[in-house]
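The sequence and the structure come first, and the description follows.

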Amino acid sequence: MYYCCGRSPSPPSSDEEKLHDKKWQKATKLLLLGTGESGKSTITKQMRMIYVNGFNDEERRATIGDIKSNIFDSLQSMLQAMDTVVPPIQLQNPQNIDIKRSICEADEKDFDYSEVKRK
């Protein structure tokens with residue numbers, strides 16, 4: 001149906017394919033280039049949320065693990081950075097030092113992100 005490098009396309013065989021070809025030709029195409037972690041997927045997801053119907057339930061459930069993982073990574077980074085900035089940031093409640101230490105030393109594999117709990 002589609003072609004590149006100058007080869008001729010085969011003619012559409014059905015009305016549905018013809019309609020699809022017309023829509024494809026009229027569509028605006030955007031090529032996102034960038035290194036890993038530069039935000040290409042984020043832009044794509046935001047455009048989809050704004051201009052399309054968003055995400056279905058299955059896609060939402062699949063993203064929950066990524067969100068939880070990102071929260072854990074961010075929390076761990078902030079807690080570890082508290083000791084490296086000048087002046088160091090102290091915990092407001094010193095009783096939380098054990099919790100901070102356990103989070104900083106934890107491996108992401110220690111946490112189960114797959115289970116979705118709904119209220």
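Arg101 has a relative accessible area of 41%, so Arg101 counts as partly exposed. This residue is one member of a salt bridge: Arg101 pairs with Asp98, and the closest N and O atoms are 2.9 Å apart. Because Asp98 and Arg101 are 3 residues apart in helix α4, about one helical turn separates them. The model is a predicted one, and the values in this report are to be read with that in mind.

**Overall layout**

The protein chain has 4 helices and 0 strands. Along the sequence, the pattern reads α-α-α-α. The chain counts 119 residues, of which 10% are buried.

**Salt bridges**

Side chains of opposite charge can pair when their charged atoms come close. The structure holds 4 salt bridges. The table gives three of these pairs, including the one already described.

| Pair | Closest N to O distance |
|---|---|
| Asp83 and Lys100 | 3.0 Å |
| Asp98 and Arg101 | 2.9 Å |

Arg60 and Asp57 sit 3 residues apart in helix α3, about one turn of the helix. Arg60 is partly exposed because its relative accessibility is 47%. Asp57 has a relative accessible area of 47%, so Asp57 is partly exposed.

Asp83 forms its salt bridge with Lys100. This pair links distant parts of the chain, as Asp83 lies in the loop between α3 and α4 (97-105) while Lys100 lies in helix α4, 17 residues apart. Is Lys100 buried or exposed? With 8% relative accessibility, Lys100 counts as buried, because buried means under 20% relative accessible area.

**The largest pocket**

The largest pocket has a volume of about 380 Å³. Its lining is made up of Glu37, Ser41, Thr42, Lys45, Met49, Phe55, Glu59, Arg60, Thr63, Asp66, Ile67 and Asn70. Which helix gives the most to this lining? Helix α3 does, with 6 residues. Helices α2 and α3 (57-81) each supply at least two residues of the lining. By type, the lining residues divide into 3 nonpolar, 4 polar and 5 charged.

Two of the lining residues have further features. Glu37 has a positive phi of about 65° although it is not a glycine. The relative accessibility of Glu37 is 85%, so this residue counts as exposed; the cut-off for exposed is over 50%.

**A nonpolar patch on the surface**

Leu30, Leu32, Ile43, Met47, Met49, Ile50, Tyr51 and Val52 form a nonpolar patch on the surface. Together they have about 850 Å² of accessible area.

Where is Leu32 found? Leu32 lies in the loop between α1 (15-26) and α2 (40-51). Leu32 has 33% relative accessibility and therefore counts as partly exposed.

**The loop between α3 and α4**

Val86 and Pro87 are joined by a cis peptide bond, with omega at about -10°. Pro87 is placed in the loop between α3 and α4. Asp83, the salt-bridge partner of Lys100, is in this loop too.

Gln80 lies in helix α3. At 38% relative accessibility, Gln80 is counted as partly exposed. The C-alpha atoms of Gln80 and Ile103 are separated by 9.3 Å, and these two residues are 23 residues apart along the chain.

Conventions. Residues are numbered from 1 along each chain as its sequence is written. This is a predicted model: local features need pLDDT of at least 70, side-chain atom pairs count only at pLDDT 80 or more; totals for chains, interfaces and linings use all residues. Side-chain values use heavy atoms; hydrogens and water are left out. Patches are made of residues with over 30% relative accessible area and no salt bridge: like charges are joined within 9 Å, nonpolar side chains (Val, Leu, Ile, Met, Phe, Trp, Tyr) within 5 Å. Accessible areas come from the Shrake-Rupley method with a 1.4 Å probe; for residues, only the protein chains shown count as cover. A salt bridge is a side-chain nitrogen of Lys or Arg within 4 Å of a carboxyl oxygen of Asp or Glu. Buried means under 20% relative accessible area, exposed over 50%, partly exposed in between (1.4 Å probe, protein chains only). On a 1 Å grid over the protein atoms alone, a cavity is a set of points where a 1.4 Å probe fits but cannot get out, and a pocket is an open set with protein on both sides within 12 Å along at least five of seven lines; lining residues have an atom within 4 Å of a point. Grid points are joined across faces, edges and corners, and a volume is the space filled by probe spheres set on the points. Ala, Val, Leu, Ile, Met, Phe, Trp, Tyr, Cys and Pro count as nonpolar, Asp, Glu, Lys and Arg as charged, and the others, Gly among them, as polar.
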